[in-house]
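Please keep the structure in view while reading.

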Amino acid sequence: MTTAGKTPPVPPLPAEETPSRHRIRIRVQGDEAWIPGERWGSARFGKGLAKGVPLFPATSTKGPFTYLNAGTPIGLGRRDMPPHRPNIRPRVDAGSLLCARFAPGTIGSDILPARLPFINPGRGWPMVHVDSRAVQAITTLVGRQDTLDELTRTLANPRRRLVNLCGVGGVGKTRVAAELHDRMAETGEYQAIAFVRLEHIFELLSPATVAAYRRPGDAPTAAADIRAPQAVPTTEHNDQSLKVVLRRRICQEIASALKLDHHTDSTDFDRLMEVLVEGIGERRTLLVLDNCEPNVGVVVDVIFGLLNNTPALQVVTTSRAFLNLVGEYLVQLRPLDVPCTDDSRDKATGAAAMQVFLDRAKAAGLRDEVLAEPKQWAAVVELVRMTEGLPLFLELLATQLRVRLPAAVLEIHGKNRLLSLRAASGTVGLPRQQQNLMELVTSHWDACTPEQQLLWARLSVFSGASFTLDAAEAVCSGGPIAAADVVSLLDELVSRSVVRPASPDGRHNQHGTLREYGKMKFGEMCEAGVEDEQQLQERHCAWVEKFSARAALAWFGPDEPKVLNDVRTELQNTFGAVWWCKETGQIDRGLMICTDVLRVRVQFFYAVEAEIGAWIEGLLAHPGKATLPRIAALSVLVFMRVVLGDKDGARRRLEEMERLVKEFGDIGPMPAVLAAKGTYELFSKNNTDALDILAEAAAQFSEMGLEGDCHMALLLRALGAGVFGPAEIADAATQECLGHALKHGSVWGGSWGRWATALPACSVMADVLPGVLDAQLGLGDGWGPIWDVEVQAWWLAFNGETVSDFRLAAVLLGGAIKLQDRHGVLIRGLEPFKEWRDKAAKKIIAEIGFPAYRKAYEEGTKLSKDEIFAKMLDDEDSSQPEILDPRELRIAAMKVSGATNADIAGKLNLTVSWVEQNVTRIYRKTGCKNRAELAAWFTARGYA
């Protein structure tokens, strides 16, 4: 196109390069035009597309995509085809013909030709001549482009605050929503974006768990404690309590997805809503809530509260039902189109449902020579028609072609029309969508061997449908299934899509519907006398019991982060075992499981004190005689209450523990009792004689080989000595604690040991806290950073030299209070800590005056968690690029090689959120905006 707006003639191509007349898809977004690719995501051809210069002549335009006939010229900017792009190599041919030659395999020969000729008319904008030799390749979202475009256009309107992606179960709402999330994340239009799955919340939070979360003022439930779902009658009261719990848990999931702290009294719904509203603020935020239909009313309550208080928030939901909320914009997702019985092969292949089925079937091993047989092709057409275009049905059905030909699959599933969208005769009380899914899952069940069916049914015992191979072998073997056969049977269930493949951490998952079906079939087996629920539950409880006991012994050492993560991941199964113990009257057994979990300190590391505390309090509520498990449980509960600043709770449990010790009689060495008493006396009563009690407890723990418990006693002693003194005792205690952690290779323990050396009663307050904070954030510690910020404020107050130092100390004091309030940690409720905080404040005021102190302190209370940490880490200046440190270089290298954040986290034994923070820092330091630019930066500096 010339400056006059006319299109110059396009020189003919060499005969061997004459294009076919297929159409190719060109995406236009903002000032860019690009061709979607497969390996690199896109081949970008137009940064700086001339404003006011349209793509022409377009055959059709749909949303951000313009479809052009082959041979159509496109106006692009002069900065196109930069020579540094790794997948495009420009060169000049005769006749001023610029060609871009694509490296083999970079984009895909079925999408683009080997050469894209560029014509430079000598002035104005260069011209691009596009041709293609093949139709677009099948993608995982065939037939959903129009829906995605509609959703994208809808979200472009800021007045569309709530979009409900609605459709029948199995139609693919979750997948479309996930694709939308990824697409919007790539645009960079949102300051925050999160995808929240609600399915597991509705599955796990049955009335059985209401008691564990019940707060004063909640409507009473029919059960005062932990009970089985089927044992809790449905009443108006427990229904109301369940709704309250569901709202809280939904808020918790949203806060986690948005990486907002929600540690404060995690059962406080109003406070959780405040955290969400404060965290979102006026940032443009997209929140995708998946699977709202189990309890739409509860989800609507949360959405309504958020939309009314966050002006820039947009919400996308997936649901089988309308939300009936004012402002709801409905996008209905329809089934994929299916072929007609008499369609030609070419026409039938063009149907979206057929494309999905063939793609999955070929991945399952179905070969073209089989499809060439008329009988088999007719069976494929009928199978696809029977699904009526529901993607979930297509996915599961295609997997059966691994072991059977299409005609054989049709013979099995066509006899009773099990895959039709009609309810089976006599089915009553189920929604139509569930009836359909029931039929499909039943046919899938029937296609399994008896041993596979039995394993499927037994796997339903795992809460949350998540488990490891070791757990499956221990719990699900027995009778017809030998332990050695579990792995092969599990692989077969994975191949049939009954069980999902193992994640990087070795965990398998089942879809909630499949798990519920297995649970139903297991119940039928029990009624028939084939299986025994009590035996299965006992095996599950025994496995959890053994797992928790091993973790309590193994957590302190080099494998500390992994053990902590494993315990956290198994919390749902642990709760199931605790419930079983409660239901069967095995109170002491349940208490030992809870005690072992608390000994690992997972409640602090992952901020689950309220949940685990509810378990153990519920068990202790059952009266019982003096037993060692009950005494041990009380000892760890005393410790937890003290460090949380709950003096009254700690005192009550300490008195109960001492009473039971007297009733028990000659108890022998009981270091846990000594540790609990020493902790209470030291931090609740300021009794420094308790330092000797803790030293004795540590010695006894060590003699018994309980080094993790020994370390906790040493840490508490170091903490006490570090705030009470004298200096020689503080120095000795803190060095002993640090040395013990280093001796055993404990990363987390070592970070706390170093933290103790910065306490004010030491002869020299070590300048180590920024490094401690960095290490603990890298580990995913949700507890330590709160204490780091507090003590760093003291350090600056007592060791600062400039006005900036003292001002920062005041900011951190304010920030520490905010963190403590949010996390429910009352550090200032511990008398010695309150005294040192007051001394630090007085020192700051003496240096800079009260007005300056107050202003800085209030500034700290208004900072976000990340801003507080950035202040402490001196990480505020983001304007100047910096050289990457060795860890950042390693992460950058893995990112450039194509690794995801989850892959990097698993490889380096870090949390995903910490990797995300490091990647953000890497992009900031290098000035890069995406992976491609980072790769160019990496290569330009000679890194390999």
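## Surface and overall make-up

Accessible areas come from the Shrake-Rupley method with a 1.4 Å probe. On this basis the chain exposes about 40500 Å², and carbon and sulfur atoms supply 52% of that area. The model is a predicted one.

The chain has 944 residues, of which 54% count as buried. Its secondary structure consists of 41 helices and 17 strands. Among contacts between residues at least 6 apart in sequence, 67% join residues at least 24 apart.

A pair of aromatic rings is described by the distance of the centres and the angle of the planes. The chain contains 18 aromatic pairs. One of them joins Phe850 and Tyr853, with 6.3 Å from centre to centre and 40° between the planes, and is tilted. These two residues are three apart in helix H36 (residues 850-861), so about one helical turn separates them. Phe850 is partly exposed, at 44% relative accessibility, whereas Tyr853 is buried, at 10%.

Tyr853 also pairs with Tyr857: the ring centres are 5.7 Å apart and the planes lie at 40°, so this pair is tilted. Tyr853 and Tyr857 are four residues apart in helix H36, again about one helical turn. Tyr857 is partly exposed, with 22% relative accessibility.

Arg284 is placed over the face of Tyr190, 4.3 Å from the ring centre. The charged end of Arg345 sits over the ring of Trp377, at 4.5 Å from its centre.

Definitions and conventions. Residues are numbered from 1 along each chain as its sequence is written. This is a predicted model: local features need pLDDT of at least 70, side-chain atom pairs count only at pLDDT 80 or more; totals for chains, interfaces and linings use all residues. Side-chain values use heavy atoms; hydrogens and water are left out. Buried means under 20% relative accessible area, exposed over 50%, partly exposed in between (1.4 Å probe, protein chains only). Contact means heavy atoms within 4.5 Å. Rings of Phe, Tyr and Trp (its six-membered ring) pair if their centres lie within 6.5 Å; planes under 30 degrees apart count as stacked, over 60 as edge-to-face and the rest as tilted. A charge sits over a ring if NZ of Lys or CZ of Arg is within 6 Å of the ring centre and within 35 degrees of the ring normal.
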